[in-house]
Amino acid sequence: MRKIFKKVFNPESLPKILFILSLCVLSFAYGYLSLAGGLFPHGLITEAVAFFIDDEKGLPWYYIKTEATTKIPIYEKDSAYNGLSLMTSIAEDRLLAASVINMNGELIHRWDLDWFEIWPEVTHIPKTDHQYPHTRPGTFLQGAVLLENGDLIYNYTYLGLVRVDVCGNVIWRLPYRTHHSVYLDEYGILWVPGQIKHEEAVPDLPYHVPDFYEFTVLKVSLDGEILEEFFVFDILKKNDLHGLIGLLSNGNRIVSVTGDTLHLNDVETFPSSLEEGVFKAGDIMLSLRNINTILIFREEDLKVTHVSTGTYVRQHDPDFIDGDTISVFDNYNIGPEEYGHQSRIVIESFDEDQHYTYFYGTEEQPFYTDVQGNHQWLPNGNLLITESRKARAFEIDTEGNIVWEYINLVEDEKAGIIDNMQRIPKLFTEEYFNQLVRSCDVDITD
């Protein structure tokens, strides 16, 4: 026994043992601090786990188990606003797709948008970055605009903006970390959220601890050229809204923040087709999810004219309704309902400083998505809602009755997340798409 003891605890080995023990103590300490303070690699690990596995269901988070057996559980033809819809979603076999469907859920046209085929050579995202795609789906589709000629413009989440023709051929790619939404204004300009990752400290952004993101608003031409770039931190500082920049700080004396501090998730402009009120033509509206804030600013001088903070909880997709009013998809992740969280659509009037809930989930009619989500007001007054995480879209009439419902079934008992469902203009018909896709069948090798 003494020989064994001497062999294991040889005095000459003591420095090595102490070194190893010190590494263990430091590793444990840093692990604890990273968990408590969100330091690297806590965020990376958390995002990776959330991306791949939903612990409750045993499926990747972009798929859910469902008891639905039909894609169209509800269709009240006389009450719905009938037309074709454009859906961006996860499809079968972890594929990404943009699909045009009719009211019966039948496929009219589809773009298969596999990241690895559309963007085979990536130079603007390091391979070591946690957002760099490695396996299918690799990323997600966010935001989509359908042009009259059948071209589709969309984001790969935090990876870039792409334009493809109706046949799926790439027209251009914008290598910038764009994400969430794509808004086409009346002048043919695209408005897109973007972000810049900073791995080193930035003098103009004190108290921001790397790695962190800087949030931008991009004006992009239909040719894929960046026309202008607005920096959200600069807008906030210019308007003495420094408190919003550090809103995620939770220390008594420490105001440092890191990571995805604001989470810009929507940009749109006030159109001249609406009568002006407190909002003026060209005003730009932003949704900053992680600080529960919506703000409106002017392009010409970056003056913030209106701010709404705290009314919503991790909101998405604010839309202008008229010159004084907006509607918001409020994810409402802290809802107190005894029967579980419920999302809601909120109307906010800025001239009267009031808001009210237009539609919300109930025990009998659940409606909740903790991330993503969109809504679209239809010409007949109905509202089309995308309940993203439930792989569901539904249309309600002015009384709140569901008159159309779609479930994105990809396999038996499995549905795939929907980024957005939007009813497209009446000019798009089945025959219209048939005419457009005829060019895809032309043999250009002769």
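**Notebook: charges and cross-links**

I began with surface charge and found a negative patch formed by Glu275, Glu276, Asp322, Asp351 and Glu352. I placed Glu352 in the loop between strand 22 (344-349) and strand 23 (354-360). I note that the model is predicted.

Next I looked for disulfides; a search of the whole structure gave one. Cys167 and Cys440 form it, with their sulfur atoms 2.0 Å apart. The pair links distant parts of the chain, 273 residues apart: Cys167 sits in the loop between strand 8 (160-164) and strand 9 (170-174), Cys440 in the segment after helix 7 (430-437). I read -90° about the S-S bond, a left-handed link. Cys167 is partly exposed at 31% relative accessible area, and Cys440 is partly exposed at 31%.

I then turned to salt bridges, of which the structure holds 18. Arg163 pairs with Asp151, the closest N and O atoms being 2.7 Å apart. Arg163 is in strand 8, and Asp151 is in the loop between strand 6 (141-146) and strand 7 (152-156), twelve residues away. I logged Arg163 as buried at 11% relative accessibility and Asp151 as buried at 6%.

Lys219 and Glu299 meet in a salt bridge at 2.9 Å, N to O. Lys219 lies in strand 13 and Glu299 in the loop between strand 18 (293-297) and strand 19 (304-309), so the pair ties together parts 80 residues apart in sequence. Lys219 is buried at 15%, whereas Glu299 is partly exposed at 23%. I also traced a network: salt bridges that share partners join Asp129, Arg177, Lys197 and Asp211.

Definitions and conventions. Residues are numbered from 1 along each chain as its sequence is written. This is a predicted model: local features need pLDDT of at least 70, side-chain atom pairs count only at pLDDT 80 or more; totals for chains, interfaces and linings use all residues. Side-chain values use heavy atoms; hydrogens and water are left out. A disulfide is a pair of cysteine sulfur atoms within 2.5 Å. Helices (H or I, at least four residues) and strands (E, at least two) are DSSP runs, numbered from the N terminus. Buried means under 20% relative accessible area, exposed over 50%, partly exposed in between (1.4 Å probe, protein chains only). Patches are made of residues with over 30% relative accessible area and no salt bridge: like charges are joined within 9 Å, nonpolar side chains (Val, Leu, Ile, Met, Phe, Trp, Tyr) within 5 Å. Accessible areas come from the Shrake-Rupley method with a 1.4 Å probe; for residues, only the protein chains shown count as cover. A salt bridge is a side-chain nitrogen of Lys or Arg within 4 Å of a carboxyl oxygen of Asp or Glu. Lys and Arg count as positive and Asp and Glu as negative; His and the chain ends are not counted. The place of a charge is taken as NZ of Lys, CZ of Arg, CG of Asp or CD of Glu.
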